[in-house]
Amino acid sequence: MLENATPAQAAAIEHRDGPLMILAGAGSGKTLAITARIARLIGQGVKPYNILAITFTNKAASEMRERVEALVGKTDAWISTFHAMCARILRAHADKIGFTRDFTIYDSDDTRACIKSVMEEMRLGLTTLSPRGCAEIISTAKRKMLPPEQFAAGAFGPIEKAAAKVYAKYEQALHSKNCMDFDDLLLFAHRLLNERPDVLRKYAERFKYISVDEFQDTNSLQYMLARQLACKHKNICVVGDPDQTIYTWRGATLRNVFDFERDFPGAKVVLLEQNFRSTKKILRAASSLISHNEERKEKRLVTNNPEGENIILLEADDELAEAEHIVRLVREFRDEGFALHDVAVLYRVNAQSRPIEEALLQEGVPYALVGAVEFYRRKEIKDILAYLRLVVNPADIVSFMRVVNIPPRGIGAVTVGKISDAASREGITLADVAAGKSKSASFFPKQAQAMKEFADVIEKIRAVQGKPVAEMAMEAVRLSGYQADIEKNKDERTEDRIANIDQLINAAAEYDRGEPQGGLQGFLEHVALVSDVDQWDEKADKVTLMTLHSSKGLEFPVVIVSGLEEGLLPHILTMERSGDTEEERRLCFVGMTRAMKRLVLTYANRRAAAGRYADRLPSRFLSEIPSDVLSMRRPLTTRPPGGRMFRTAGRRDYGDDEFADKTQEPAQSPELLPSDIRFKPGERVRHGHFGAGKILSVQKRGKLTHARIFFDEAGERTVVLEYANLERLED
DNA sequence: GCCGTATAATTTTTT
DNA sequence: ATTATACGGC
């Protein structure tokens, strides 16, 4: 490998001891260099056990592992993301920070759900603060390592003050339920290493050689972790390209790059400036674009590659036409001799994939969608996983709330409220309350029965623990009633849902094969951190579709960057602050520099957003590319404005409805009604959900009795006395 | 009290 | 267009 390396690459690969920073331009072979260096260290007698390599994604981690193992054979080196590494360390030492080793990891959806339920419990008006916004504020605070009290002290304005209160309650909720969110993984790992010298010593001594890839996209907490781990041997190698910083919205900061030289005096700095990937024209276009960033250190990027073809600039009427022309171009490239797997279509937002998918489907061109609605976040997948998570951690409140009434078993919002009240009042888990262990709560017999059945389902799945995870997953699908529910309520999504569940079981079986010792706990962690099935097969002959963000670190002979429009790239939500626009430019730069031989840029004059069409202007980034490397390609065909060639979405069948109605059973009336519904106006009562109030009026309506009640906190409401289970209060 | 339907609100990128 | 919430029915 050294034979073919440039002097700069060789310097990076041959560097052995002491801190090293590789500033590597796009396509300069940085991943190759870092992999070669690790392989060389092992070849020189360094034990893989003493090596830690941090990558940005799990995919990158498994690729690096494959490359290293291809060179030196199977290894027990740690090659993973920061988050996976932290989870591994924390599992081993969970007791030292007040958790147990089977803690649950919340992804961003779980986190939001948890914050939402905390806010509801606090009866906080959702008008000032959305759960989403609150989650964002809390995450930012955590990344700055501000605990709730400190954040509260510095909170400014009503929104931050409210968020600070939620933050404190949320932390409590997570901790008491043995759960952690993504930020906690980093935070607690840092705290553990900081407060326990014995633990720090163990890892700092073990990891004699550390490398961090995509260093430009690490946040300060991650950098601190890396520094802690490198404190003993100081053999840390960081690799990055400031021009490819595209995750500042997640806390990434270039300060790490500047701090590195300060924190590791005498660090060797290697610049990789030769590009081995792209043609001269592609590189000229990308360089010209990125030179428009003002907060940037000038960096050269040169190549000995051929001049290459011009970049195709494609204008389309709307996103449907854009998609059709993309498909047409794909066929042209195939006729030129490119394989389908040579082609990638990149876009700013996942929603852009849909018209492109439809066009590819229409023309019978196979494609692979990377990312998108991540597999493990699909509804039915999360439902099944929630059952499995409850087996491992019965206190997991988010999973409990998620599936306690999925499939519907007659446990609604009010009952759920009672369950969570009882749980926090008595200090027992939600699952305990469902199993009937609460002393203080009272439920209708129907609800109590349903809860018991739910608790039994969890117990029955637990009984299969120890068997392969795939079998447990199958049991969960069956025992939960999910399978029966899907078979009963058939609709147009049924096939998809069944396919997804099959895929989940496949993924579990694959996990069982790869990690026979991992168990359910290991599988759930894998799922929480991996976010997508590692199914993207580069060898399969398919066009690849993915976001610009996910394309980082990859390369393709042919790249089509779509949607170069003002408001989309740069994205509208980033256009207010100029710094953010610079990040969008870097994002565009990342996309363009994925291309080896051919590059296509596309934009549409109109695009549907939120169901409505809006006119679009070409992106400012297009004007920053020299026109002599561009070839304009106008649409070959046009169609009437707004006209659609084929649309299947939104189609509805009404014909079957009346037959469906006949097969439906009549709704069952509750088998038991509270005996005493004789309330009169003026009486004070207590309601399970709305609290205390005064009856204004009572009115018989058919078989049921409606009462108008003024509640002290909830205001005026109408309730049905037969169902409301009111408690009479003395004046 | 739960459930189905009508209405309103919402759109970035990912560990 | 899709998804969360509000409302009314039983």
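Two strands count as paired if DSSP finds at least two bridges between them. The legends below describe a predicted model.

**View 1. The seven-stranded sheet.**
An open sheet of 7 strands runs in the order E13-E14-E12-E15-E16-E11-E19, and its pairing is parallel. Strand E13 (367–369) and strand E19 (630–633) stand at the edges. Each of these two has a single partner strand, so one side of each is left without a neighbour in the sheet. From one strand to the next, the twist averages 20°.

**View 2. The pair E15 and E16.**
Strand E15 (residues 556–561) pairs with strand E16 (residues 595–604) in the parallel sense, over 5 bridges. Val558 stands opposite Arg598 in E16. In general, strands of a sheet pair through backbone hydrogen bonds, either parallel or antiparallel. The loop between E15 and helix H25 contains Pro570. The peptide bond from Leu569 to Pro570 is cis, and its omega is near 10°.

Helix H15 (residues 353–362) lies across strand E12 (343–347), E13 and strand E14 (543–547). The direction of H15 is at about 155° to E13. Helix H25 (residues 578–592) lies across E12, E15 and E16. Relative to E16, H25 runs at about 130°.

**View 3. The contact of H13 with H25.**
The axes of helix H13 (residues 280–290) and H25 come within 9 Å, crossing at roughly 170°. That crossing makes H13 roughly antiparallel to H25. On the side of H13, the contact is made by Ile282, Ala285, Ala286, Ser287, Leu289 and Ile290. On the side of H25, Arg585, Arg586, Cys588, Phe589 and Met592 take part. Sorted by class, the contact of H13 with H25 has 8 nonpolar residues, 1 polar residue and 2 charged residues.

**View 4. The six-stranded sheet.**
Another open sheet is formed by 6 strands in the order E3-E2-E6-E7-E1-E8, with parallel pairing. Its edge strands are strand E3 (78–81) and strand E8 (268–272), and each of them pairs on one side only. Neighbouring strands of this sheet are turned by 15° against each other on average, direction ignored.

Strand E1 (residues 20–24) and strand E7 (residues 236–240) run parallel and are joined by 4 bridges. Within this pair, Leu20 stands opposite Cys237 in E7. Helix H3 (residues 58–72) packs on the sheet, where it touches strand E2 (51–55) and E3. The direction of H3 makes about 160° with that of E3. Helix H4 (residues 82–92) also packs on the sheet, touching E2, E3 and strand E6 (209–212). Between the directions of H4 and E3 the angle is about 115°.

**View 5. The surroundings of DNA strand B.**
DNA strand B is surrounded by 36 residues, of which the closest are Arg348, Gly412, Val414, Thr415 and Ala610. By class, the residues of this surface divide into 16 nonpolar, 15 polar and 5 charged. Of the atoms of DNA strand B within 4 Å of the protein, 53% belong to sugar or phosphate, and the rest belong to bases.

**View 6. Polar atoms facing DNA strand B.**
A polar side-chain atom of Trp249 lies 3.0 Å from a base oxygen of DNA strand B. At Gly410 it is a polar backbone atom that lies 3.4 Å from a phosphate oxygen of DNA strand B. Helix H18 (413–426) and helix H27 (721–724) are the elements that give two or more residues to the surface near DNA strand B. H18 provides the largest share of that surface, 3 residues.

**View 7. Two loops with backbone features.**
Pro407 lies in the loop between helix H17 (397–403) and H18. The peptide bond from Ile406 to Pro407 is cis, with omega near -10°. Met145 lies in the loop between helix H6 (131–143) and helix H7 (148–154). Although Met145 is not a glycine, its phi is positive, about 60°.

Note on methods:
Residues are numbered from 1 along each chain as its sequence is written. Chains are lettered from A and ligands numbered from 1 in the order in which they are written. This is a predicted model: local features need pLDDT of at least 70, side-chain atom pairs count only at pLDDT 80 or more; totals for chains, interfaces and linings use all residues. Side-chain values use heavy atoms; hydrogens and water are left out. A residue is near a molecule or strand if one of its heavy atoms lies within 4 Å of it. A polar contact is a pair of N or O atoms within 3.5 Å; within protein, one must be able to donate a hydrogen and the other to accept it, and residues adjacent in sequence count only if both atoms are side-chain atoms. Ala, Val, Leu, Ile, Met, Phe, Trp, Tyr, Cys and Pro count as nonpolar, Asp, Glu, Lys and Arg as charged, and the others, Gly among them, as polar. Axes are lines fitted to C-alpha atoms, for helices over the stretch in contact, and angles run from 0 to 180 degrees between N-to-C directions. Contact means heavy atoms within 4.5 Å. Angles under 35 degrees count as roughly parallel, over 145 as roughly antiparallel, 65 to 115 as roughly perpendicular and the rest as oblique.
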